[in-house]
Amino acid sequence: MHLLNHFLGEVSFQILPQQIVNGILNGGIYALIALGYTMVYGVLKLINFAHGEVFMLGGFISLFVSWRMGYAPTDNPTGSSILALVLMLLISMTLCAIIGVLIERFAYRPLRKQPRIASLITAIGVSLLIQYAGQIFLPTSPVPSINSRVSPFQDNLNVTLKPASGDLNQALAAQQQLFDAANTKWLAVKASEPNPYDLSPAGKEAKKEFQAVETKLKDAEAAVNRGSVNVGIPKGQLIMFATTLVLMALLYVLVMRTKAGRAMRAVSHDFQSASLMGINVDSIITFTFVIGSALAGAGAMMNFTFIGGSSITTFSGVLLGTKAFVAAVLGGIGNIPGAVLGGFLLGVAESLVTWIGYSGYKDAAAFVILIAVLIFKPGGLLGSAAVEKV
């Protein structure tokens, strides 16, 4: 109990809402990438380890499109461009879909009738091939990143969940009036001084008074902040989250309400029976790679554009891809709603690790969750508990 009280005393419940919001926003990207893992596994029973590299290539494609639109490091763009963002998204999705088709056609299809372990090893090989071949053909030094000036959504949307008490706000307002008066007086005295660096006694007194009032104003602002609960949502990440939800909704409609979606579900259930019913299995598998890879391209464009300071390397897809794979396993790999649920849960879990003061171990949370899921619920939260031999 003493340890628990000590722990609870160390964390701040005021920043908990902010951390949960951050976790949900990050979880959206994990969910988007996890859908590619879970769709391919659902149809082929194959863990496509090259999916993270498709995500990485989507980042580079978005980078090249932004350069083409005038946002290269050597350019001096005068403003942001929504058109550039739309083109980056569409071209990244399209080219990633083509890359996914090529990987399926030349790496996985020739091995479809071979033991499953052969496809698994091939997936790992393709992943490493793209990572290290990219070192030759892609810009790596200096490490590039998408110019933040391309996005007009760089500020935050601030939401107050619990305002500070009236007494604190009144004290802040009164202190603000004193600050304004002291500031006006100090500026007038400062202007009349012959040398601003060698003040007269009256000037020194006015400066001292101003600094004292300024300190009290900062204390009053801090008290208001401590007494209120605020959440700041980066507008870029909010748009990223909304776009992710739209893409997930479109995927749900595609899978559950269209002829192609019914064919995908039939193929995932039984190859031979689906073939006997007249379904072109090869086309459906290719279509699955198109959808999954296009979603990875969308996630890459938004991740590297809207999250500030996101540099792009040929290994950028390794960690994010692994986390998305964990999200798919957590939700139940092969289950589309499970991938979405797993993505959001993983994002929130990482934020909670940061909240309790262990941000350096945030990335380890995914692997702890993976081990826990494999031990206690190997089928995932929404998946089947059936044992698969890979």
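The legends below accompany several close-up views of a predicted model.

In this predicted model, local features need pLDDT of at least 70 and side-chain atom pairs count only at pLDDT 80 or more, while totals for chains, interfaces and linings use all residues. Residues are numbered from 1 along each chain as its sequence is written, and side-chain values use heavy atoms, with hydrogens and water left out.

**View 1. S66 and M88 are buried residues in contact with each other.** S66 is found in helix α3 and has a relative accessibility of 0%, so this serine counts as buried. Not counting residues up to four places away in sequence, S66 touches Y71, A72, M88 and I146, contact meaning heavy atoms within 4.5 Å. M88 sits in helix α4 and is likewise buried, with a relative accessible area of 0%. Leaving aside its neighbours within four places in sequence, M88 is in contact with S62, V65, S66, I146, V150, M301 and T305. The C-alpha atoms of M88 and F64, which are 24 residues apart along the chain, are separated by 8.7 Å.

**View 2. The second largest pocket is lined by 20 residues.** A pocket is found on a 1 Å grid over the protein atoms alone, as an open set of points with protein on both sides within 12 Å along at least five of seven lines, whereas a cavity is a set of points where a 1.4 Å probe fits but cannot get out; lining residues have an atom within 4 Å of a point. The volume of the second largest pocket is about 400 Å³, a volume being the space filled by probe spheres set on the points, which are joined across faces, edges and corners. Among the lining residues, Y30, N303, I307, L320 and K362 lie nearest the centre of the second largest pocket. Two or more lining residues are given by each of α2 (16-44), α11 (281-306), α12 (316-331) and α13, and the largest share, five residues, comes from α2.

**View 3. D363 takes part in salt bridges with K323 and with K362.** A salt bridge is a side-chain nitrogen of Lys or Arg within 4 Å of a carboxyl oxygen of Asp or Glu. The closest N and O atoms of K323 and D363 are 2.6 Å apart, and this pair links distant parts of the chain, with K323 in helix α12 and D363 in the loop between α13 and α14 (364-376), 40 residues apart. K323 counts as buried at 4% relative accessibility, whereas D363 is partly exposed, with a relative accessible area of 31%. The side chains of D363 and K362 meet at 3.8 Å, N to O, and K362 counts as partly exposed at 28% relative accessibility.

View 4. E209 is partly exposed with a relative accessible area of 35%, and K185 is partly exposed with 43%.

**View 5. Two loops hold particular backbone features at P142 and K45.** A cis peptide bond, with omega of about 0 degrees, joins S141 and P142, and P142 is placed in the loop between α5 (116-137) and β1 (156-162). K45, in the loop between α2 and α3, has a phi near 55 degrees, a positive value in a residue other than glycine.

Key
Helix = DSSP H or I, 4+ residues; strand = E, 2+ residues; numbered from the N terminus. Buried < 20%, exposed > 50% of the residue type's maximum accessible area, 1.4 Å probe, protein only.
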